[in-house]
Amino acid sequence: MAGLIPRTFIDDLLARTDIVDLVDSKVKLKKAGKNYQACCPFHSEKSPSFSVSRDKQFYHCFGCGAHGNAITFMMEYERLEFVDAIEELASYNGLEVEREQSTASPAEQRRQQQAFKQKQTDYELLGKISQFYQKNLKTHSDSKQVIEYLKSRGLTGEIVKQFGIGYCADSWDDMMNAFAHNKQTATQLVDLGMAIQGDKSRPYDRFRGRVMFPIKDKRGRVIGFGGRVMGDGTPKYLNSPETRIYHKGQELYGLYEARHHCKNLTRLVVVEGYMDVVALAQHGINYAVASLGTSTTLEQLQTMFRTVKEVICCYDGDKAGRDAAWRAMENALPLISDGVSLKFVFLPDGEDPDTLVRKKGSEEFEQYLNKAKPLSQFLFEHLLGQVDVNSLEGKSALVESFQPYLQKLPDSTLKDSIVNELANKFGLGSEQQLAKMNKSQSPAKQQARKQQTKATPIRLAIALLLEHPHLVNVLDDLSVLDPITIPGSDLFKQLMQHCKNNPNVNSGQIIESFRGTEYANVLSKLVVWQHHIDGGAAEDVFIDILDKIINTFVEGRLESLLQKARLGQLNQQEKKELQSLLNSQS
């Protein structure tokens, strides 16, 4: 099985890609000074705040904060995972993706290769079965009855085709007769959940006499099915079990269709059933997904927030619906940051999205969505319902009940707002309660937040080096930086070494080399920092900063050694270091 994509290939791919040309092929750019600009493709705006730099090979939106290199742009714009974005970008440049040789043993490589081939045949087989069910819908003796049923649910042939809806005959072996031509394929069909192994006889069809909804992964490959009865049979929905290619907690029904239909999705609405998704799409609401019979999981929420910034959970208004919403909210808390939102809609009694949109129409249904409760309101209402806020004991209990949820929330404006709301409305005193609410934030964490925007010499040096990697050449010997241990020096030294090892590296390639590391976020911010230092003055400023950094460290080290000398605590090596520093000062 192929190994990882080599770093050298990724660097070469970025070197071949002009980010201005790439972005311009998707979003029309206009020249603006030395950069190019457009209205941001990642949020709605009237005035352009999306800037693309040819020099840095980097984009940045001053409105929503979106930023990155060519790979990141493909991931965000086309809604792709990292490897898929690499493959798309390679195709854009007419290249084949290179892979490293696997370091696994020959036996392990054979096992990996067999597993890879097995999954490929699995996708192919389920794709053929999906086509078989779609053909059944047109040609089977029951097709007239099935089509009438779909029409009664308000579905047109176009929407049925869009979602690949089909029909499985009410027979024990209709599908098996069509595909199980040998024992190996029969076993494969059992493994994929399409057939059930009998006690003695050959396997028989799992799905019988049902409308079939193919479940697709993000690349459009069929990985499972959901089957719905047309009458009063039970269960109403029958779903594929977990298999080697289908893990229901990680997939979302309708997500592939939603992304395929609209390149610029801004929100997703989570509903419970397949028919809800299809019915909403039939009425022009093409951004619904279903969580496949599970509570909305962390993995599903992560997938949605990588795709859009707004997710609306649409549930029944009964206890089961509210319990499902609460579980989704708890799973989502670690993912909530500034710029993303989770909201909740509870439908009237006896209604689901399918019935409501057919009864009221898309415009009125979207009014429900537009009035969705934000996460903070849902959280407050739920916890307020459990205490008596008219008593001091109740207020105290409310404050305590928020603690586990605040601890799950990342630092954000939303978290600060919730804390202030609690302190001001239900606290015994604002300062006292703010301190209590903030106990989940350690002093070190709070200090780190304060320092994020602080302009220090080391940050400015990093920003200049990112913009002008050739500045590394002002130092012939990087070892002069080795003793320096001031905050930020580790990153600066790594960056200097990277630029020294890669003489022609550009900003986009540097950022890519640090993807997934602890430094990725700070580098992405510093590469677009408006430091207002002209390119012509960059080298002089960089040299001055280096001198200041080195001198500050030397002065601090000298003072530390002199203090130890006064106390008679110097060892032999430190005595030599002190003498060397004193000589350099004279």
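**View 1. Surroundings of His-468.** His-468 touches Gly-535 and Ala-538, residues up to four places away in sequence being left out of the count; contact means heavy atoms within 4.5 Å. The model is predicted, with local features needing pLDDT of at least 70, side-chain atom pairs counting only at pLDDT 80 or more, and totals for chains, interfaces and linings using all residues. Residues are numbered from 1 along each chain as its sequence is written, and side-chain values use heavy atoms, with hydrogens and water left out. His-468 lies in the loop between helix H21 (457–467) and helix H22 (489–501). Helices (H or I, at least four residues) and strands (E, at least two) are DSSP runs, numbered from the N terminus. His-468 counts as buried because its relative accessibility is 14%; buried means under 20% relative accessible area, exposed over 50%, and partly exposed in between (1.4 Å probe, protein chains only).

**View 2. Salt bridge between Arg-153 and Asp-354**. The two side chains meet at 2.2 Å, N to O. A salt bridge is a side-chain nitrogen of Lys or Arg within 4 Å of a carboxyl oxygen of Asp or Glu, and the count by this rule comes to 20. The Arg-153 and Asp-354 side chains form one of these bridges. This pair links distant parts of the chain, 201 residues apart: Arg-153 is in the loop between helix H6 (143–152) and helix H7 (157–162), and Asp-354 is in helix H14 (residues 353–360). Arg-153 is buried, at 14% relative accessibility, and Asp-354 is also buried, at 1%.

**View 3. Salt bridge between Glu-310 and Lys-343**. The closest N and O atoms of Glu-310 and Lys-343 are 3.2 Å apart. The pair joins distant parts of the chain, with Glu-310 in strand S14 (residues 310–316) and Lys-343 in strand S15 (residues 341–347), 33 residues apart. Glu-310 has a relative accessible area of 16% and is therefore buried, whereas Lys-343, at 22%, is partly exposed.

**View 4. Salt bridge between Glu-381 and Lys-373**. In this pair the closest N and O atoms are 2.6 Å apart. Glu-381 is partly exposed, with a relative accessible area of 38%. Lys-373 also counts as partly exposed, at 21% relative accessibility.

**View 5. Network of Asp-18, Asp-21 and Arg-54**. Salt bridges link these three residues in a network.
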